[in-house]
Amino acid sequence: MNQTVQKAGSRAPTKSAAPRTNDPQRTMADIIEVATHEFSEKGLAGARIDVIAEAMRTSKRMIYYYFGSKEGLYIRVLEEAYRRIREIESGLHLEDLAPEDALRKLVGFTVDYQLANPDFIRLVMTENIHRGEFLAQSKAIHKLNVPAILAVREVYQRGVAAGVFRAGIDPVDLHMSISALSFFNTANRHTFALIFKRDMESPAAIVARRDSIIEMVVRFVRK
């Protein structure tokens with residue numbers, strides 16, 4: 001299993017070319033990409049628009065033109081982070097698999113994605129520090145996350161109908177459990193490794209933990 005984990009850095013990455021002002025959608029996407037790193041590394045309070053502008057070789061005024069404010073850019077970064085994971089989830093074709101195989105694939109994907117995308121984890125942690133204040137202002141975030149619950153519900157209900165999953169489990173609660181195990185695996189791996197003197201980052205350790213999370217979820221729902 002190949003894992004590419006983005007390393008932390010002190011500055012946002014510099015784009016190789018100036019923003020394409022004649023292509024607003026591409027320019028906005030490039031700004032969001034750079035801002036994602038800046039916000040994930042420094043949080044909302046510590047992130048600086050001038051650092052993002054410098055990395056983009058553009059002006060702060062241009063960023064404010066597209067996003068209105070630092071908070072507006074931060075909200076768009078959050079929306080894009082959730083959009084990306086949901087878009088990939090939608091391409092898993094879980095409907096083509098038997099219920100237990102589909103659940104295993106969904107859990108494995110969640111573990112893999114969060115491990116490979118620490119920026120996403122840090123953004124979610126930042127927004128929880130703000131008690132969801134900025135996600136609450138998003139007009140898109142609820143619609144972006146509806147498919148995640150629908151996917152879990154569809155797999156679970158098929159399993160119940162096939163007699164392989166036990167009845168009475170709330171799909172939202174099941175989604176929360178999958179997310180919690182995957183999230184902790186990435187968010188707390190450094191502190192956990194130090195406290196308990198465990199190697200959390202070797203290929204063998206990553207595979208073992210991934211398999212353990214999948215097995216826990218499957219045994220929880222299995223009839």
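Reader: What volume does the largest cavity have?

Author: The largest cavity has a volume of about 30 Å³. Please keep in mind that this is a predicted model.

Reader: How many cavities of 30 Å³ or more does the count come to?

Author: The count comes to one cavity of 30 Å³ or more.

Reader: Which residues line the largest cavity?

Author: Its lining consists of Leu115, Asn185, Arg189, Met200, Ile206 and Arg209. Sorted by class, the lining has three nonpolar residues, one polar residue and two charged residues.

Reader: Let us move to helix H3. Which of its residues are buried?

Author: Helix H3 spans residues 60-67, and its buried residues are Ile63, Tyr66 and Phe67.

Reader: What do the buried residues of H3 pack against?

Author: They pack against three helices: H1 (24-46), H2 (49-56) and H4 (70-89).

Reader: What follows H3?

Author: Gly68 follows H3, and the phi of Gly68 is positive, near 85°.

Reader: Which residues other than glycine have a positive phi?

Author: Two examples can be given. His93 has a positive phi, near 55°, and Arg131 has a positive phi, near 60°. For context, most residues other than glycine have a negative phi.

Reader: Where does His93 lie?

Author: His93 lies in the loop between H4 and helix H5 (99-116). His93 is partly exposed, with a relative accessible area of 45%.

Reader: And Arg131, where is that?

Author: Arg131 lies in the loop between helix H6 (118-129) and helix H7 (141-161). Arg131 counts as exposed because its relative accessible area is 79%, and the cut-off for exposed is over 50%.

Reader: Now for salt bridges. How many does the count come to?

Author: The count comes to 17 salt bridges. One of them joins Glu80 and Arg84, whose closest N and O atoms are 3.5 Å apart.

Reader: How are Glu80 and Arg84 placed in helix H4?

Author: Glu80 and Arg84 are four residues apart in helix H4, and therefore about one helical turn separates them.

Reader: Is Glu80 buried or exposed?

Author: Glu80 is buried, with a relative accessible area of 19%; the cut-off for buried is under 20%. Arg84 is partly exposed, at 31% relative accessibility.

Reader: Which residue does Arg219 form a salt bridge with?

Author: Arg219 forms a salt bridge with Glu215, and their closest N and O atoms are 3.2 Å apart. Because Arg219 and Glu215 are four residues apart in helix H10 (residues 203-221), about one helical turn separates them. Arg219 is exposed, with a relative accessible area of 59%, whereas Glu215 is partly exposed, with a relative accessible area of 23%.

Reader: Which residues do shared partners join into one network?

Author: Salt bridges that share partners join Glu100, Arg104, Glu215, Arg219 and Arg222 into one network.

Reader: One last pair, please. How far apart are the closest N and O atoms of Arg48 and Asp50?

Author: The closest N and O atoms in the salt bridge between Arg48 and Asp50 are 2.7 Å apart. Arg48 is partly exposed, with a relative accessible area of 46%, and Asp50 also counts as partly exposed, at 30% relative accessibility.

Definitions and conventions
Residues are numbered from 1 along each chain as its sequence is written. This is a predicted model: local features need pLDDT of at least 70, side-chain atom pairs count only at pLDDT 80 or more; totals for chains, interfaces and linings use all residues. Side-chain values use heavy atoms; hydrogens and water are left out. On a 1 Å grid over the protein atoms alone, a cavity is a set of points where a 1.4 Å probe fits but cannot get out, and a pocket is an open set with protein on both sides within 12 Å along at least five of seven lines; lining residues have an atom within 4 Å of a point. Grid points are joined across faces, edges and corners, and a volume is the space filled by probe spheres set on the points. Ala, Val, Leu, Ile, Met, Phe, Trp, Tyr, Cys and Pro count as nonpolar, Asp, Glu, Lys and Arg as charged, and the others, Gly among them, as polar. Buried means under 20% relative accessible area, exposed over 50%, partly exposed in between (1.4 Å probe, protein chains only). Helices (H or I, at least four residues) and strands (E, at least two) are DSSP runs, numbered from the N terminus. Contact means heavy atoms within 4.5 Å. A salt bridge is a side-chain nitrogen of Lys or Arg within 4 Å of a carboxyl oxygen of Asp or Glu.
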